[in-house]
Structure formats: structure tokens, C-alpha cells
Amino acid sequence: MSTDYRPMWKELGLDLDAHDALLGVLGPLYQQTFMTQPNRPDGMKYFDFVMSEVHGLRIQELVEARKAGRKVVGAFCTFVPEEIVLALDGILVGLCAGAEFATGEAEKHLPRNTCALIKGAFGFALARVCPYVSASDVIVGENTCDGKKKSYEIFRDLVPRLHVMDIPQVKSPEGRALMRAEFARFVAFLEQITGRDMNVESLKRGIAAVNAKRAAMHRLARLRAADPAPISGLDGLLMNQVYFYDDPARFTGSVNAICDELEQRIARQEGVVRKGTPRILVSGCPMAVPNWKLPSIIEGTGAVIVGEESCVGERGTQALTDDTGRTVDELLDAIVDRYLKIDCAIFTPNDSRVEHILAMAGSLKADGVVHYGLQFCSPYQIEAGPVEKRLEKEGLPTLRIDTDYGQEDVGQIRTRVEAFIERLRG
Ligand code: SF4
Ligand code: SF4
């Protein structure tokens, strides 16, 4: 970062020393994880720039937008409909929680056996190191897993404003009606805080912006099916992570620019690895910035990740919203239909998820699946067993890794991943 953002961070109420300590770890980690990869597409320079300015320029944009009267909405989950936020001239930003920070402080509020994602969210808020939390006018919590649902009761006191959205657990007509009512309540809430009214044109604009962003990610996913892989899994994941922070139109343009470049690479049969390199589909819990541990290990063993069945990945970006409705109600119905397709493990049953994994593995020509479960995440860790059984039955080798944000188990995971890649090679 070339500009001195410290006055802005101070004004946002950050703890400057703790924030310096965080950036002191993140910068070198990024360099070591991403900048050492060979033969990256040129277009990744944009994402390197975004990441180098993730606490700088992007936050400055949010601060300026707020001064101009726009509202910033922070969210932890892919169930929060960005279309609605954009339709009311708001800006949606993801709150990452992909690293350990102030875990001791977080554990004063939460049991130790809470997943790292929730503890990370508390740690970042308590330590005052996340400018996205500080720059948000409101944070949306969602009643998804029990951990999040109960922790929002405590989190409410740590942030200026929290709006909790109930999310159904069953994809039934009643579940759909609940989501529809909750999205309508979200519209009313945002109308009240923005002083704007939702109308057909603004909602169509919101849908178009998010559909364009998702369509660009679908295009990227199709290109990652090529062998040799034209882009690394780490860079693919990074784009999925930046999806949650960047200005939607600028992000869409940047992804499409990379896709143009990847098409040329594919035409030249050029890749980041050799043709025939073992291809892995990662499936499971979301990997928020800067959670790059497992992909680094997998690609460090000589395999390549070709897709992410994850909320920071295809589970989050799948399916476009039908934009043909002629009234706000019809468009809201279409938004609900789209969000109900998310195969999150909080749903019971959640059979469509394993079908989605199989379909992704087929279209991406994956040789195997690495299932990633965050420790103490009951929904995904419990679902991992039946998922593994079904994938193996379909002839898709599967490795289950349960881990957290710590580095203590890196050696042990590497050994297991190496053995798995050997199995795929055999
Ligand atoms: S895994 Fe489920 S609860 Fe977590 S971000 Fe995704 S949709 Fe939300
Ligand atoms: S990783 Fe699992 S336990 Fe943690 S917030 Fe997501 S769904 Fe809940």
C-alpha cells in the first residue's frame, strides 16, 4: 500500500497496533502463497492489486460511498441476497473470518469447541482489526447452523447494528414461505435505513449486476475443465474470495478479462501444470480470506485444484436469478427460488449437494475429491460421511480432511494428501 491509510483506520476505530500486526502476517503469507506460483495468468495482477489494497483502497471507496449516502452491509453467508442490497443502492461486503485472531478473547465469549470461522469473526471484531466490520452500517446475521445462530445473540453487542435473518432448514413449501417472508422483511429493513423504495427497475438492475458476476464465474469454471489446467486452484479460489469484496461491475470485467486470457492459453494447450496432473475438486466448508492452508498443501504436492464445491466457490455462485418478472413480488419470488437452490449442509435432507459434487467432478474431469471440514462444524462434518460413501461408490476417490486455522497439523495433512495423490496416480 503506497498511501498512508492510518488516519482512515484510526477514524474507523481500529486498534492500529493490532492491525499492523495482522497486516505484518498477511502480506508475507500472500507473497509466499501466491507470488511464488509459476506461469500465472497476467490478469491475476488485478487480484494481487486488490489484495494488496484490501484494507486500503477498497475501504476508502466504502468510506466515500457512505459519505455520499450509500449504506454498507456486511455479511457472513452466501444466503444474504446481494441483489436486494444493490437494488437499494447499498454495497454488500463479505466479512471474511478466515484467520485466527484474538482467539483467547473470542473464547471468553464462546466455547472452545466452536468452529474457527465463528471464533475468527469474534476475534476480528473484538480485536478491532477488521475495517470491513467498522465500515459496515449494518451486519446481517443468518440463522443457519446452531453455532452462528446462537453466537449472533452475543455478537449483537459487539457491533453497532445487527439484522438477523431466519433461514429455513428444510426445502419444503413452508421453508420457501419462510425465506420469502424473511427476504421481504430484509427489503423493508433496508428501505427504512436507506430511505429508498424498492421498485422493479432498481431490483432488475441489482439482479443484472449479480447475474453478470455469477455468469463470469460460471465461464471461469468451464475454462478450468481444460487439461492442462490453465489456472491454479489457489488463483481460482482467490477470485472466488475477492467476489465478496470488490465492486461488482469491476470484478465482473476483471474475471472476464482473465477468461479471455485463459481461452488463449487453452487454444495453445498451455497450462500452469503439465497435462495429466492429478485433478482435485475441493468440497465442504467455506474458505474465507486468508484461509489458503489446504489448497496450498494440495497444490504443493503436485496436484491441481480444478473447482470448489463451497460457498466461496460454486455453491455460492451457482444458478442465475430469473429476471423476467414484471413486478417486485415476482422478482422477489425468483430471488427466493435461486437462493433455495444453495446446497448448504444446514438443510435436511441435503441430497442435492452430493449430486452437485458428482456433476462438478464430471464436468471438471476431477480425479478425486478432498472434503474439507472445519473442526466443530457439525453440518459439514456429519454430512462428510455419507458424501464420502456415495462418491467412493460412484468411483470417485475421496479424502476427508478435518482441520482448523492452526498450522500444527500441516505436516500430518501433507502426508495424507501425498498418499491420496499417489492413490490417484495409481
Ligand atoms: S456453508 Fe451454509 S451457513 Fe456457511 S456460508 Fe455457506 S450457506 Fe452460509
Ligand atoms: S463452518 Fe460450519 S459451524 Fe462454522 S459457521 Fe459454517 S456451517 Fe457453522
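In this predicted model, four strands form an open sheet in the order β6-β5-β7-β8, with parallel pairing, where helices (H or I, at least four residues) and strands (E, at least two) are DSSP runs numbered from the N terminus, and two strands pair if DSSP finds at least two bridges between them. β6 and β8 (398-403) stand at the edges, each with a single partner strand, so one side of each is left without a neighbour in the sheet. Neighbouring strands of this sheet are turned by 25° against each other on average, direction ignored. Local features in what follows need pLDDT of at least 70 and side-chain atom pairs count only at pLDDT 80 or more, whereas totals for chains, interfaces and linings use all residues. Residues are numbered from 1 along each chain as its sequence is written, while chains are lettered from A and ligands numbered from 1 in the order in which they are written.

Within this sheet, β5 (residues 279-284) pairs with β6 (residues 304-309) in the parallel sense over five bridges, and Ser-283 has Glu-309 of β6 as its bridge partner. Six of the six residues of β5 are buried, a residue being buried if 20 or more other C-beta atoms lie within 10 Å of its own, exposed if 12 or fewer, and partly exposed in between, with C-beta atoms placed from the backbone. Both faces of β5 are covered, with Arg-279, Leu-281 and Ser-283 on one side and Ile-280, Val-282 and Gly-284 on the other.

β7 and β8 run parallel and are joined by six bridges, and Val-370 stands opposite Leu-399 in β8. Helix α17 (residues 351-363) packs on the sheet, touching β5, β6 and β7, and its direction makes about 150° with that of β6; such angles run from 0 to 180 degrees between N-to-C directions, the axes being lines fitted to C-alpha atoms, for helices over the stretch in contact. Helix α19 (residues 410-425) also packs on the sheet, touching β7 and β8, with its direction at about 170° to that of β8.

A further open sheet of four strands has the order β2-β1-β3-β4, with parallel pairing. Here β2 (91-94) and β4 (162-166) stand at the edges, each with a single partner strand, so one side of each is left without a neighbour in the sheet. The twist averages 30° from one strand to the next. Helix α9 lies across β3 (138-143) and β4, running at about 145° to β3.

Turning to the ligands, ligand 1 is surrounded by residues that include Cys-77, Cys-145, Cys-311 and Cys-344, each with its C-beta atom, placed from the backbone, within 6 Å of the ligand. By class, the shell around ligand 1 has eight nonpolar, two polar and no charged residues, where Ala, Val, Leu, Ile, Met, Phe, Trp, Tyr, Cys and Pro count as nonpolar, Asp, Glu, Lys and Arg as charged, and the others, Gly among them, as polar. Cys-145 is also among the residues around ligand 2, together with others including Cys-115, Cys-285 and Cys-377. The shell around ligand 2 has nine nonpolar, one polar and one charged residues.

Cys-377 lies in the loop between β7 (368-374) and α18. Cys-377 is buried, with 25 other C-beta atoms within 10 Å. Not counting residues up to four places away in sequence, Cys-377 touches Cys-115 and Cys-285, contact requiring C-beta atoms, placed from the backbone, to lie within 7 Å.

Notes. Two residues are in contact if their C-beta atoms, placed from the backbone, lie within 7 Å.
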